[in-house]
Amino acid sequence: MAMQLQSVSSDPWQERPLWAEIDLDALADNVRLLKNQANGAALMAVVKANAYGHGAVAVARTALAAGADRLGVICVDEGEQLRRAGITAPILVMGHTPAGEAQRLTDLSLTPSVVSDQTALALARVAGERGIETPVHLKVDTGLNRYGLPRSEAADLGRWLHDLAGIQVEGLFTHFASADEEDKSYTIEQHKLFLSVAEQLNWVPIRHVSNTATLLDIPDMSLEMVRPGLGIYGCYPSTHVKRSLSLKPVLSLKGRLVRLTPIAPGEPVSYGRTWTASRPSLIGLVMCGYADGLPRALSNRGSVLVRGRRAPIVGRVCMDMCMVDVSDIPDVVVDDEVVIIGRQGEQEISADELAELCGTISYEILCGISARVPRLYLRQGRVVSKQTLVRELQEGVTASVPEGVLAEEPSPGGA
Ligand SMILES: *Cc1c(COP(=O)(O)O)cnc(C)c1O
């Protein structure tokens, strides 16, 4: 499928009555604030999971322009998406890369995380065939017990990789289990264990441990590189984490009322009839459901903003729509803007608020916003590009990009 690039019109968004606005200026400011916090360390912007729902390509470009040095993803596909968009910065694949992906990873000049000799050997073989050296980062587990080499094996594998032709150990990293908690003792313990491994491999140039919570709370742990995700999107990992940097939320989720239905007392709304009008009510229809990323757990719990006031979500959230009680909103009309996440007038609904209502974290709310939701990218309050499920529209650009064509040759994966 070819991506069509067409001119952005300056008209208000009149297509799908549901969209996310991504404030690229806020994103750039957040990247600068976080980099400034990092004691001179390099910053790898974590853009996994479609940049936490914000759109990987636009976020990656903006973060790099704002001073990010590298990008972090989880799988080769995510890296390929960025390469296809012409992004040449080093990209670390932080998840597991099976040996079978060594070829493609090398073709794309991605940097893998390595935790086993199998993937390393496959990478070395491909590198040997091409007469290149593939940079890799060694992942050590220091107490998350999720992904990484056991500490006892890390130094041995590191030395073996050091001598393996075609492989260059560029980085060494670990990931913290409880960095966003008030009690930092486990994090400090993990950090110590990590440094003891790093000492044995003291020739590795880039050591990195810091996610957003660590960067905010313990900037002294920044080492040679930090890897914030959530913070660049303007959210805080937990209520315990310091808010000394004024990060600004980047994403708003908005829609329009597409229909208003007056109902009589005693009439139910939505599947299962879990809500019944207790008075003559006016029910607004919003084309946002759990398939768009509005959790069904918000049924009869959440609210949206209309005309600067809160309108409760009534009845069950459906796959593609939800209903809101706008009985108390003066002058409400069809086409009124609905804010699901973001500000309207004096009111604000944050991703954290939705997360709390659902018993989850803002991370899950943000990365749950599905590809079906159009993304509108803003600079200085103006839409500069739009990304829908099937189209990418950019200001002043009318070319179309044929499928499978890399816009630019990626550079070799070095710094
Ligand atoms: C997702 C991820 C990060 C970013 O974490 P945030 O809490 O969003 O800053 C950093 N490192 C690794 C290994 C990750 O998987």
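Me: Which residues do ring pairs link into a cluster?

Reply: In this predicted model, ring pairs link Tyr52, Tyr233 and Tyr363 into a cluster. The count of aromatic pairs comes to two.

Me: Why is the pair of Tyr52 and Tyr363 called tilted?

Reply: The ring centres of Tyr52 and Tyr363 lie 6.0 Å apart, with 40 degrees between the planes. Rings pair if their centres lie within 6.5 Å, and planes under 30 degrees apart count as stacked, over 60 as edge-to-face and the rest as tilted.

Me: How do you know whether Tyr52 is buried or exposed?

Reply: Tyr52 has a relative accessibility of 7%. Buried means under 20%, so Tyr52 counts as buried. Tyr363 has a relative accessible area of 26%. That value lies between the limits of 20% and 50%, and Tyr363 is therefore partly exposed.

Me: Which residues are the closest to the centre of the second largest pocket?

Reply: The second largest pocket holds about 620 Å³ of space. Its lining has 27 residues, and the closest to the centre are Lys48, Arg146, His175, Asn211 and Tyr363. Helices α2 and α9 (212–217) each supply at least two residues of this lining. By class, the lining has 16 nonpolar, six polar and five charged residues.

Me: What makes the strands β3 to β10 a barrel?

Reply: Eight strands close in the order β3-β4-β5-β6-β7-β8-β9-β10, with parallel pairing. Strand β3 (residues 42–46) and strand β10 (residues 225–226) run parallel and are joined by two bridges. Two strands pair if there are at least two bridges between them, so β3 and β10 count as paired. Within this pairing, Ala42 has Met225 of β10 as its bridge partner.

Me: Why is Thr97 called buried?

Reply: Thr97 lies in the loop between β5 and α5 (102–107). Its relative accessibility is 1%, which is under 20%, so Thr97 counts as buried. Leaving aside residues up to four places away in sequence, Thr97 touches Val76, Leu105, Pro112, Thr119 and Tyr147.

Me: Where is Ala89 found, and why is Ala89 called buried?

Reply: Ala89 is found in the loop between α4 (76–84) and β5 (91–93). Its relative accessibility of 13% is under the 20% limit, so Ala89 counts as buried. Ala89 touches Leu64, Asp69 and Arg83, again leaving aside residues up to four places away in sequence. The C-alpha atoms of Ala89 and Leu257 are separated by 42 Å, and the two residues are 168 residues apart along the chain.

Me: Which residues of strand β17 point one way and which the other way?

Reply: In strand β17 (residues 322–325), Cys322 and Val324 point one way, while Met323 and Asp325 point the other way; all are buried. In a regular strand the side chains alternate between the two faces of the sheet.

Me: How do you know that β17 pairs with β14 and with β16?

Reply: Strand β14 (residues 281–286) and β17 share four bridges in the antiparallel sense. Strand β16 (residues 309–314) and β17 share two, also antiparallel. Pairing needs at least two bridges, so both count as pairs. Gly284 has Val324 of β17 as its bridge partner, and Val314 stands opposite Met323 in β17.

Methods:
Residues are numbered from 1 along each chain as its sequence is written. This is a predicted model: local features need pLDDT of at least 70, side-chain atom pairs count only at pLDDT 80 or more; totals for chains, interfaces and linings use all residues. Side-chain values use heavy atoms; hydrogens and water are left out. Buried means under 20% relative accessible area, exposed over 50%, partly exposed in between (1.4 Å probe, protein chains only). On a 1 Å grid over the protein atoms alone, a cavity is a set of points where a 1.4 Å probe fits but cannot get out, and a pocket is an open set with protein on both sides within 12 Å along at least five of seven lines; lining residues have an atom within 4 Å of a point. Grid points are joined across faces, edges and corners, and a volume is the space filled by probe spheres set on the points. Ala, Val, Leu, Ile, Met, Phe, Trp, Tyr, Cys and Pro count as nonpolar, Asp, Glu, Lys and Arg as charged, and the others, Gly among them, as polar. Contact means heavy atoms within 4.5 Å.
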